[in-house]
Amino acid sequence: MIDLRGLTKTYGAANVGVEALRGIDLQVERGEIFGIIGRSGAGKSTLLRCINLLERPTAGSVIVDGVDLTCLSQSELRERRRGIGMIFQHFALLSSRTVRENVALPLELAGRPRAEIDAAVGPMLEFVGLDAMRDRYPAQLSGGQAQRVGIARALVARPNVLLCDEATSALDPETTASILALLRDVNRSFGTTIVLITHEMGVIKEICDRVAVIDSGRIVESGRVRDIFLAPHAAITRTFVGEPDAAELSAMLGAALDERGRSGNAVWRLGFSESARESVVTALIRRFALELNIVSGAIERVGGEPLGTLVVEIVADAATQDEARRYLDSVGVRVDVLGYVERTGKFLT
Amino acid sequence: MWNELASFLPEALWETAQMVAVSSFVALILGVPLGVVLVATDRGGITPSPVLNRVLGAIVNAARSVPFIILMVAIIPFTRLIAQTSIGTTAAMVPLSIAAIPFLGRLVEAAIREVPRTLIEAARAMGASPLQIVIKVLLPEARPGIVAAFTITVISSIGYSAIAGAIGAGGLGALGIQYGYERFDTPVMVATVVVLIAVVQSIQFAGDRLARRLSHR
């Protein structure tokens with residue numbers, strides 16, 4: 001559906017400019033909800049704006065629905081943009097237009113006849129649950145209502161793709177949940193492919209099928225959301241999923257964690273789904289000659305599925321560790337070695 | 001004296017109204033598009049054109065830096081061409097319009113710049129052309145600001161029309177200068193000033209009300 005190839009974006013002169021994007025390759029499948037997460041300034045906003053060419057990439061191609069947008073004329077591009085809806089962090093509603101008139105705008109711009117516009121706007125307002133607000137002005141709406149209007153406006157021309165620019169970042173948690181539920185509903189009811197950018201992992205785990213982590217203009221990690229949650233690799237991804245970093249782990253362990261170390265007690269992260277949860281710790285202790293110290297753990301719902309991560313300190317010889325890892329692998333528990341700690345005793349208690 | 005006043009004042013008021021109405025109308029027709037073009041052609045505008053922007057900006061600045069009394073004299077040939085005469089109320093409409101166009105243009109430019117950039121971005125994302133962005137987004141969103149700008153232009157035209165009175169145009173300004181200032185006729189001067197204050201107050205009041213009614217922010 002969306003195919004970004006070799007995308008770079010440099011602001012200013014080539015030799016002194018700021019590189020916002022440095023070679024992005026990204027494919028979004030038809031009908032999926034794809035999340036892009038990154039800190040502010042990581043380039044996610046620029047990346048999203050390249051998909052409808054609000055930002056023109058310095059190099060690379062933007063293929064949406066089989067058409068390379070970078071090769072189109074201005075008027076062809078405008079025509080294509082009508083098939084790509086967009087919603088914004090601060091809603092971007094026209095203050096001079098009522099709710100109904102705001103939702104009608106994309107169709108007016110496309111030159112559709114009055115009757116057709118009226119016929120399309122009503123059902124759209126009903127879909128987002130704002131039919132009663134049709135004659136209000138945006139200033140009279142709450143943030144959640146305003147974003148619903150934004151969604152209705154973005155969808156009224158029935159686009160195949162919906163781009164969400166930090167759509168819930170200005171909203172409180174409860175409203176965020178209702179807007180995310182609405183976006184999932186959009187995705188299911190209309191089959192709209194959704195690309196969203198956010199700096200909140202909560203948004204990703206709530207509705208996204210796949211995620212890409214962007215940092216300093218590069219995609220450092222991407223894949224299915226549950227896989228990223230169970231086994232985040234890049235340091236930035238680990239902070240996004242809320243895993244303690246090396247310094248925090250060291251504090252919890254009471255001894256320095258050596259991420260590149262080879263000797264001492266191993267520190268593992270175990271990632272497992274609900275089905276494997278019960279057996280993991282018990283089985284490890286019963287089956288193998290090892291001792292186990294739980295350092296931290298969490299259960300999170302990702303796309304409705306509870307996923308657990310557990311950071312444990314393992315006291316065992318190398319051969320036992322290998323056996324234990326093979327066993328865990330066989331029961332579907334992901335194991336990542338976070339590092340080693342040197343101890344004088346077995347554990348500090 | 002009161003008879004004198006009663007006959008002069010309405011006539012002077014009518015002449016001022018004509019001069020201000022015509023010049024304000026011309027300013028509206030040409031100054032609003034000027035303001036739009038100044039915003040649109042700016043760097044980062046919807047149709048950037050740095051050369052046109054700089055040339056227009058320079059012309060506007062030049063026109064605005066010439067004192068009105070000098071402007072009136074300087075463009076007499078042009079005034080004669082348009083109005084067929086260079087003195088009187090009709091002739092004064094020409095320099096009044098020439099002064100009001102760049103004045104309103106700059107104010108409209110400022111009002112349009114107040115429209116949040118994300119609205120322009122949203123319109124572009126919807127496939128709007130530059131002209132559609134102007135007509136469907138910028139002008140409607142800036143409307144309260146444009147009304148306020150127009151109010152200021154009308155009021156400043158009233159002030160300029162009084163200066164025009166000094167070189168033979170009629171109106172309240174001429175009345176105040178000829179009777180009040182040159183003939184030391186204090187009641188006429190006071191009456192003229194009172195009428196001017198009342199007129200300016202009413203225009204500002206009406207403008208504020210309209211701007212507030214149009215604003216839904």
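**Entry 1: the contact between the chains.** I looked up the contact first: 20 residues come from chain A and 18 residues from chain B. Two residues are in contact here if their C-beta atoms, placed from the backbone, lie within 7 Å. On the side of chain A that touches chain B, α2 (74–81) and α3 (99–109) each supply at least two residues. α3(A) gives the most to that side, with four residues. I sorted the residues of that side of chain A and got eleven nonpolar, four polar and five charged. Ala, Val, Leu, Ile, Met, Phe, Trp, Tyr, Cys and Pro count as nonpolar, Asp, Glu, Lys and Arg as charged, and the others, Gly among them, as polar.

**Entry 2: confidence.** This is a predicted model, in which local features need pLDDT of at least 70, side-chain atom pairs count only at pLDDT 80 or more, and totals for chains, interfaces and linings use all residues. I note that residues are numbered from 1 along each chain as its sequence is written, and that chains are lettered from A and ligands numbered from 1 in the order in which they are written. The predictor gives the complex an ipTM of 0.86 and a pTM of 0.86. For chain B I found a mean pLDDT (the predictor's confidence in each residue, from 0 to 100) of 91, with 98% of its residues at 70 or more.

**Entry 3: chain A.** I counted twelve helices and 15 strands in chain A. These are DSSP runs numbered from the N terminus: helices are H or I, at least four residues, and strands are E, at least two. The C-alpha trace of chain A spans about 80 × 50 × 35 Å along its principal axes.
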